[in-house]
Amino acid sequence: MQRANRLSTPRRLTTVDEVETIIGRPAQMIMLKQISVLDEGCRTVLARCPIAAFGYRDADGTSRTTFIGGTPGFARVHSPSRISFSLPESADPHGPVSFLFLLPGVGETLRVNGSVAARKGAETAVDIEEAYVHCAQAVLRSRLWQSPAPAEPAAEIAGDGPLRGPGVAEFLAAAPFLALSTWDSSGGSDTSPRGDRQAVARILDSRTLVIPDRKGNKRADTLHNLLRDDRLSFAALVPGRSGVLHVRGRGTITDDPALLETMALRGKPPHLALLIDVAHAEVTGNDAVARSRMWTPGAHLDRGKMPDLFAVAREHLAASSANAAGGPSAFLLKAVGALPGRLLRLVGNRAYRSGLRKEGYEDIEPGAGGRRRGFLRRRPADDGGTKDPLREVRVAEVRRETPSTVTLVLEDAGENPGSFDFRPGQFFTLVADIDGRQVRRAYSASSAPGSSRLEVTVKHVEGGRFSTYVHRSLRAGDRIAVRGPSGSFHTGPQFPDEIVLVAAGSGVTPMMSMIRTRLAVRPDRGRTALLYSSRSTEEIIFADELAQLAKDHPDRLSVTHVLTRRDGRLDADGVRRWITGLSPARDAHYYTCGPEPLMNAVQNVLTGLGVPDELVHHERYTSGADTGTTATVPQQMTVEANGRPVGTVVVEPGQTLLDAGLAAGLPMPHSCTVGNCGDCMVQLRSGEVTQNEPNCLTPQQKADGYVLTCVGCPLSKVTLDITDP
């Protein structure tokens, strides 16, 4: 049982001399390893790095640390002295900021410090002031890239302080790693790693944490900063989880022997500790951690495809020392520079192993990088969800269809464009970073399949995050991603002899794909009829093209328009009159897409006319909005397949079942990710789940206990069976 330590008045250190008497002064070589711009080695690291801790202060001086990124290269290098990245607009960084870039599977980290240069929406630009490679001790201590050891039970906490918040104590008991941000008296920012075996930060009471400060390279930026400005913040990680614990407060330094003894390893206490008076502590889901998939098997970087960070540090040292008076001797620099990269790594690993064993650590494996095994058990035939089905595309054209509708013409962003293959009527999920957050929405393809260009038509929805972004911000040349195709609403590999289409508003987009595809087939003589409801003439999507196609193919296509401002709303009587006037064949297939009341009216008419259910097809759109009810505390999710356990993960507050499973590497079935296709349907074996409505589940599927993981959030501990239903 983790013990809650209570010490009344631990001794505090308040001067630089007191601190340096205990830790010593860093070697001159350590202080010269930083550079003032991003060299080629730094730029290579940023191109490969999917995640970073980011420390900043907002306009009112509140210290904050979080994790940003989600994909390799998220930090865009504009010049050797400037980078930019996406940050949610709710964040408001001012002045000095700092980064700690993490490379999955690699012990060393890249630390970058600078200041905010510009902010436009979610895009934040930072001017670089210094960059340097940080040693691997914090990562090695924490075993960050290895399978986590079982966490000790959370401590019993007295009082009503912030550490008693939902899930906080449990997270701290399992968190071996954190990124700690501090500032100096001149406003400079620093974010450094802290790692320890088991819990890196320990609870003393409901308002106080202690973090051991074990021996390192004596640079001690954090300690020197706290002597001048005691405000700090940190963000903690638990391997395998996509949530983050955010803490902010004030810190002091102590060498109290009784307190240090409680953190001893094999009888060797740390030389100092940080005491934190906590003002705020909260566990939240983190989109960057989830998207980076850094806990999944295979996510660790291939060392052969990037420079060894030891070699990068050596280049930094050489560059800085060449311009520094009184630097290390030329002989020493020459000797270090002459070491082959492989030998340099072996020497460094031996130094890590020796130093950490002296601190009381055992089983240190600097070269393992945590690649020996995955975090979770899974079926051997599955890729663990590590394969990324996203396809990067470039916007070739934004074509205006109506005052409220545009068509995006998309093509592959790579040098070797491929075709977009799908069945007419299916949809694709568009993925874009909007205000620092990945947003996904499903839109039907309006073009015919098989072309090197994909067309999707987007109607602006008042208050719609994605549609507003498309209409106001997206331009030719911009890049987004697509996932798909998805959906069972399509004409199949062979068109029926006769198809009857009923659509309203943007529901015409999948119908347009069917019409374009069918009319392109010659000598096909099949018949197509479209009943299309729009508000007004100006709002008829594809108006000119539909008119021309009907004129060019009068025996194959008929189009009937209903304008609700002129004719009134299309109802069951209107649908019935139109269908009976067509006199369709008995084996005709019917497709309907539009608002729920219209689709219900069409279904009732067809049922009354005796049309079999297997000839009727409909498409329901969902908004992909956030769920209305979510858990306020982390919940455990156990995943099974055919009754056999696959893995167990924690779903963070506000996170979906699917996102939590994928972030941890579980083989979760999915496709559209917005509740439209049903590919993520699983059976809820136990517990309670809330999910977006409407969605594609039928009343019978809901009654049978099925849920959609992409729009589902747990309200309790849950068990899911992912066996294909």
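Hi everyone, let's start with a pair of neighbours: strands E13 and E14 (residues 243–254) pair in the antiparallel sense, with six bridges between them. Before going on, a word on where this comes from: the model is predicted, so local features need pLDDT of at least 70 and side-chain atom pairs count only at pLDDT 80 or more, while totals for chains, interfaces and linings use all residues. Residues are numbered from 1 along each chain as its sequence is written, and side-chain values use heavy atoms, with hydrogens and water left out.

Helices (H or I, at least four residues) and strands (E, at least two) are DSSP runs, numbered from the N terminus. Two strands pair if DSSP finds at least two bridges between them. In general, strands of a sheet pair through backbone hydrogen bonds, either parallel or antiparallel.

Back to E13 and E14. Arg231 stands opposite Arg250 in E14. The two strands form a hairpin with five residues between them, and Gly240 in the turn has a positive phi of about 95 degrees.

E13 has another partner: strand E9 (residues 177–183) pairs with E13 in the antiparallel sense over five bridges. Here, Leu180 has Phe234 in E13 as its bridge partner.

Why is E13 largely enclosed by the rest of the structure? Because six of the seven residues of this strand (residues 231–237) are buried. Buried means under 20% relative accessible area, exposed over 50%, and partly exposed in between, using a 1.4 Å probe and protein chains only.

Now look at another hairpin. Strands E4 (residues 76–79) and E5 (residues 82–86) run antiparallel and are joined by three bridges, with two residues between them in the hairpin. Val77 has Ile83 in E5 as its bridge partner. E5 also pairs with strand E8 (residues 123–134), antiparallel over five bridges, and there Ser84 is partnered by Ala125 in E8.

Last stop: which pairing does the open sheet of five strands have, parallel or antiparallel? The pairing is parallel, and the order is E24-E23-E22-E25-E26. Strand E24 (557–563) and strand E26 (616–619) are the edge strands, each pairing on one side only. From one strand to the next, the twist averages 15 degrees.

Helix H14 (residues 543–552) packs on this sheet and touches E23 and E24 (contact means heavy atoms within 4.5 Å). The direction of H14 makes about 145 degrees with that of E24; axes are lines fitted to C-alpha atoms, for helices over the stretch in contact, and angles run from 0 to 180 degrees between N-to-C directions.
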